[in-house]
Amino acid sequence: MVSEISDFILFAQHGWADNDKAIANMAQSLVTPHSLLITPDLGWVKTWLRIEPLIEQVEKLASETIDNYLHIPIRIIGHSMGGLIWLEVLHRHPEWWTKVESLVLIAS
């Protein structure tokens with residue numbers, strides 16, 4: 001984690017039948033030295049099973065992160081199923097919408 005987060009938090013979530021490597025590489029080019037990049041690896045095999053545990057995993061991580069950085073805006077990138085996961089997480093937490101600067105869904 002970056003000790004001095006002042007710009008934004010970027011959540012980048014991979015999708016079905018994938019891991020975090022490619023989306024993390026892409027997202028790294030979008031952050032600044034004062035940003036926090038969160039790219040959870042949900043597990044390639046787990047993406048083939050059930051979506052609910054994946055939603056819960058992302059929701060827990062996002063909640064912990066947002067609670068630790070209350071006044072920092074968030075940006076979200078979701079690829080494929082990662083976009084669907086984020087739509088559900090935001091549906092469960094409408095209070096987060098005021099913190100969302102951007103939501104980018106790719107092939108979702």
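Modeller: This is a predicted model, in which local features need pLDDT of at least 70 and side-chain atom pairs count only at pLDDT 80 or more, while totals for chains, interfaces and linings use all residues. Residues are numbered from 1 along each chain as its sequence is written, and side-chain values use heavy atoms, without hydrogens and water. To begin, the charged end of arginine 75 sits over the ring of phenylalanine 8, 3.8 Å from the ring centre (NZ of Lys or CZ of Arg within 6 Å of the centre and within 35 degrees of the ring normal).

Colleague: How many aromatic pairs are there?

Modeller: A pair of aromatic rings is described by the distance of the centres and the angle of the planes. Rings of Phe, Tyr and Trp (its six-membered ring) pair if their centres lie within 6.5 Å; planes under 30 degrees apart are stacked, over 60 edge-to-face, and the rest tilted. By this rule the count is three. One of them joins tryptophan 16 and tryptophan 48, tilted, with 4.5 Å between centres and 50 degrees between planes.

Colleague: Is tryptophan 48 buried, partly exposed or exposed?

Modeller: Tryptophan 48 is partly exposed because its relative accessible area is 45% (buried is under 20%, exposed over 50%, partly exposed in between, with a 1.4 Å probe and protein chains only). Tryptophan 48 also forms a tilted pair with tryptophan 44, at 5.7 Å and 50 degrees.
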